[in-house]
Amino acid sequence: MDKDLFEKGLAKRKATLGAAYVEKNLAAADDFTRPFQEAMTEWCWGFGWGDEALDPKTRSLMNLSMLGALGRLHEWETHCRGALNNGVTKDEIRAAVHVIAIYCGVPMGLECFRVARKVLEEAGEL
């Protein structure tokens with residue numbers, strides 16, 4: 001494990017998903033899941049999100065689009081919250097869902113709207 005990349009990833013992960021959420025996931029990790037948590041923090045968050053070529057807001061919108069395309073709604077919900085933390089607006093989330101519906105199908109767009117509504121209501125945006 002690259003300790004510097006892990007620490008960079010941990011900071012990016014906490015900034016996007018919230019420190020409480022990340023610390024809860026890391027604390028819940030055991031001998032079985034800890035290596036995965038560490039690898040994802042280092043690789044996804046340190047290497048991927050740590051690359052400054054794209055700002056966090058753009059990365060969030062990309063994640064919403066890709067997760068929507070894959071139908072990974074649990075992760076979509078998590079990253080929808082993170083997108084708000086990264087400055088993505090309600091209108092930008094709506095536009096991302098429009099793209100998902102156009103390229104991935106209306107049923108997936110509807111599912112993403114359902115999840116977005118829940119997240120936006122919880123955040124006081126709706």
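**Entry 1: salt bridges overall**

I searched the whole structure for salt bridges and found 11, where a salt bridge is a side-chain nitrogen of Lys or Arg within 4 Å of a carboxyl oxygen of Asp or Glu. I noted that this is a predicted model, in which local features need pLDDT of at least 70 and side-chain atom pairs count only at pLDDT 80 or more, while totals for chains, interfaces and linings use all residues. I also wrote down that residues are numbered from 1 along each chain as its sequence is written, and that side-chain values use heavy atoms, with hydrogens and water left out.

**Entry 2: Glu52 and Lys12**

I looked up Glu52 and found its side chain in a salt bridge with that of Lys12, at 3.1 Å from N to O. Glu52 sits in the loop between helix H3 (34-48) and helix H4 (56-70), whereas Lys12 belongs to helix H1 (residues 3-17), so this pair ties together parts that are 40 residues apart in sequence. For the helices I used DSSP runs (H or I, at least four residues; strands are E, at least two), numbered from the N terminus. Glu52 counts as exposed, at 56% relative accessibility; the terms here are buried for under 20% relative accessible area, exposed for over 50% and partly exposed in between, with a 1.4 Å probe and protein chains only.

**Entry 3: Glu92 and Lys57**

Next I checked Glu92, whose side chain meets that of Lys57 in a salt bridge of 3.0 Å, N to O. Because Glu92 lies in helix H6 (residues 90-104) and Lys57 in helix H4, the pair ties together parts that are 35 residues apart in sequence. Glu92 is partly exposed at 26% relative accessibility, and Lys57 is partly exposed at 27%.

**Entry 4: Asp91 and Arg94**

I then turned to a pair within helix H6, where Asp91 and Arg94 are 3 residues apart and therefore separated by about one helical turn. Their side chains form a salt bridge at 2.3 Å, N to O. Asp91 is partly exposed, with a relative accessible area of 45%, and Arg94 is also partly exposed, at 37%.

**Entry 5: Thr78**

Is Thr78 buried or exposed? I found that Thr78 is buried, with a relative accessible area of 10%, and that its place is in helix H5 (residues 73-85). Leaving out residues up to four places away in sequence, I listed Leu17 and Tyr21 as residues that Thr78 touches, a contact being heavy atoms within 4.5 Å.
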